[in-house]
Amino acid sequence: MEPQIIRPGHLTAEQTRQVLGDISAGALRNLVYRGQLTRSSGTERHPYYAVADVAALAQKRRARAAA
């Protein structure tokens, strides 16, 4: 398989899942469906997410878990 080349400042779905605590693909789709995270580019099958958006969501999830 050929390595993916993405724009700087973006993460693949797999990378996004790891940043958000190794969540499942279904959980990531639910976050998008509920509007907590938006796709920034890529295709329907291979979406990319902005690093800033993923980092903000990860921080929010950590803060909620600590409370």
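Start with α3, whose 16 residues should span 22 Å at 1.5 Å a residue; the end C-alpha atoms are 22 Å apart, so the two values agree. Keep in mind that this is a predicted model.

- Val-54, Leu-57 and Ala-58 are the buried residues to look for in α3.
- These three cover an arc of only 100° around the axis, which means that they sit on the same side of α3.
- An α-helix has 3.6 residues a turn, so residues three or four places apart point the same way.
- What do the buried residues of α3 pack against? Their partners are β1 (10-12), α1 (13-19), α2 and β3 (47-50).

**The nonpolar core**

- The largest nonpolar core has 10 residues: Leu-11, Leu-20, Ile-23, Leu-28, Leu-31, Leu-37, Tyr-49, Val-54, Leu-57 and Ala-58.
- Both α2 (25-33) and α3 (51-66) supply at least two residues of this core.
- With 3 residues, α3 gives the most to this core.
- In soluble globular proteins, nonpolar side chains tend to be buried together.
- Pick out Leu-20 to see some of this packing: beyond its neighbours within four places in sequence, Leu-20 is in contact with Leu-28, Leu-31, Val-54, Leu-57, Ala-58 and Arg-61.

**The largest pocket**

- Rolling a probe the size of a water molecule over the atoms shows where empty space is left.
- The largest pocket holds about 290 Å³ of space.
- Its lining is made of 16 residues, and those nearest the centre of the pocket are Ala-13, Glu-14, Arg-45, His-46 and Pro-47.
- Two or more lining residues come from each of α1, α2 and β3.
- Which element gives the largest share of this lining? That is α2, with 4 residues.

**Ala-65, on helix α3**

- Ala-65 belongs to helix α3.
- Is Ala-65 buried or exposed? Its relative accessible area is 66%, and over 50% counts as exposed, so Ala-65 is exposed.
- Ala-65 and His-46 are 19 residues apart along the chain, and 29 Å separates their C-alpha atoms.
- His-46 is one of the residues nearest the centre of the largest pocket.

How values were computed:
Residues are numbered from 1 along each chain as its sequence is written. This is a predicted model: local features need pLDDT of at least 70, side-chain atom pairs count only at pLDDT 80 or more; totals for chains, interfaces and linings use all residues. Side-chain values use heavy atoms; hydrogens and water are left out. A nonpolar core is a set of buried Ala, Val, Leu, Ile, Met, Phe, Trp, Tyr and Cys residues joined through side-chain atoms within 4.5 Å. Buried means under 20% relative accessible area, exposed over 50%, partly exposed in between (1.4 Å probe, protein chains only). Contact means heavy atoms within 4.5 Å. The expected span of a helix is 1.5 Å times one less than its number of residues. The arc is that of the directions from the helix axis to the C-beta atoms. On a 1 Å grid over the protein atoms alone, a cavity is a set of points where a 1.4 Å probe fits but cannot get out, and a pocket is an open set with protein on both sides within 12 Å along at least five of seven lines; lining residues have an atom within 4 Å of a point. Grid points are joined across faces, edges and corners, and a volume is the space filled by probe spheres set on the points.
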